[in-house]
Amino acid sequence: MAPISATPAAVQRATLVGLVAVLCWSATVGLMRSVAEALGALGGAAVLYSVSAVLVLLVQGLPTRAQLRSISRVYLVVCGLLFACYEICLSVAIGLAHDRPQSMELGMINYLWPCLTIVLAVLCRQQHARWWLWPGVALCLWGLVLVVGADGNVAAGPAAPWWYNFAAHMAANPLAYALAFGAALMWPTYSVLARMHGGGFNGVGLFLLLTAALLWVQWLALDTVPMRWSWGTAAQVLAIGALTALGYGCWEHGIQRGNLAVMAAGSYFTPVLSSLWASVWLAVQPGLPFWQGVVLVTAGSLVCWAATRSRS
């Protein structure tokens, strides 16, 4: 099913709604980590997405059978599974981080998705781009290398070459880094397929419900970490649940009705905002290489966006 048609004014409004998601997502990495510290990687994620699903479904309501029959099965099944797997990979990766600085590194890996969204849209002939798309992608990757590999806080010391530190960081926690890289690849795939097959239907409530159900199954089967509840933890769960629900609801509306390239460009500032918020919330002071990497990831993403702009 092709994306629905709309007037330029409607496209602009939908794009602005979609950009609200950037502000919501900027707070999630820090809050996810603090909730995971209290409730566990799987348990914390299961609680968060349960709250988010309930909030979205209270606002949107459950879809009718007629609506479900009219929606592409690719959207309901493939996009639904991609959405759920993305959320599980990201939240569990952050929960499995050995410490708070590492959780910020894992969050930055996730923020490769803006440039990868444009790359995938170009490869799927949903977007045109000029040659400097690829230098933009290279800048993003170099920024990621700085974030993960230029930190001297590994056994080899600050004099070790960047590739040694990069490999040492990932080898120390391979599952968490693999999940973060998987998340960075899954969200662009979801965004492009949802635009192609969604047909205007917003399935975020159902997708969040699926995510929560899968996480509870994993928690019951695998997790032995007890949940340590407090009033502060409960407040954080409600806050991140509301931000997640609002963010994904706005993003889903925007990717189906708005300008995907403009939304991706706005999302390029999420790494900066997220890192600033996480550093304050988690009381972490990353070194200069981390912030240099954040700037390079953001700059590279903006170059990718500029490569998609039509000639005036």
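**Close-up views of a predicted model**

**Figure 1. Start of helix 6.** In this predicted model, a side-chain oxygen of Asp99 lies within 2.8 Å of the backbone nitrogen of Gln102, at the start of helix 6. Helix 6 spans residues 100–110 and is mostly covered, with nine of its eleven residues buried. Gln102 is itself among the buried residues, as are Ser103, Met104 and Glu105.

Figure 2. Ala278 is located in helix 14. Its relative accessibility is 1%, so Ala278 counts as buried, the limit being under 20%. Beyond its neighbours within four places in sequence, Ala278 is in contact with Gly30, Met104 and Ala283. The C-alpha atom of Ala278 is separated by 7.8 Å from that of Leu31, although the two residues are 247 residues apart along the chain.

**Figure 3. Loop between helix 14 and helix 15.** Ala283 is found in the loop that links helix 14 (270–281) and helix 15 (288–308). Most residues other than glycine have a negative phi. Ala283, which is not a glycine, has a positive phi of about 55°. With a relative accessible area of 67%, Ala283 is exposed, whereas its contact partner Ala278 is buried.

**Figure 4. Nonpolar surface patch.** Val54, Leu55, Leu58 and Val59 form a nonpolar patch on the surface. Together these residues have about 400 Å² of accessible area. Leu58 is part of helix 3, which comprises residues 41–60. The relative accessible area of Leu58 is 66%, and Leu58 is therefore exposed, the threshold being over 50%. In an α-helix there are 3.6 residues a turn, so residues three or four places apart point the same way.

**Figure 5. Confidence along the protein chain.** The mean pLDDT of the protein chain is 83, and 92% of its residues reach 70 or more. Confidence is highest in helix 5 (residues 73–96), at a mean of 93, and lowest in helix 13 (residues 260–267), at 73. Over residues 152–158, pLDDT stays under 50. For residues 152–158 the model has seven contacts beyond four places in sequence. Where pLDDT is low, the predicted coordinates should not be read in detail.

Terms used: Residues numbered from 1 in each chain as written. Predicted model: local features only at pLDDT ≥ 70, side-chain atom pairs only at ≥ 80, totals over all residues. Heavy atoms only, no water. Patch = residues over 30% accessible without salt bridge, like charges linked within 9 Å, V, L, I, M, F, W, Y side chains within 5 Å. Areas by Shrake-Rupley, 256 points an atom, 1.4 Å probe, with all protein chains shown as cover. Salt bridge = Lys/Arg side-chain N within 4 Å of Asp/Glu carboxyl O. Helix = DSSP H or I, 4+ residues; strand = E, 2+ residues; numbered from the N terminus. Buried < 20%, exposed > 50% of the residue type's maximum accessible area, 1.4 Å probe, protein only. Polar contact = N/O pair within 3.5 Å; in protein donor to acceptor, adjacent residues only side chain to side chain. pLDDT = per-residue confidence, 0-100. Contact = heavy atoms within 4.5 Å.
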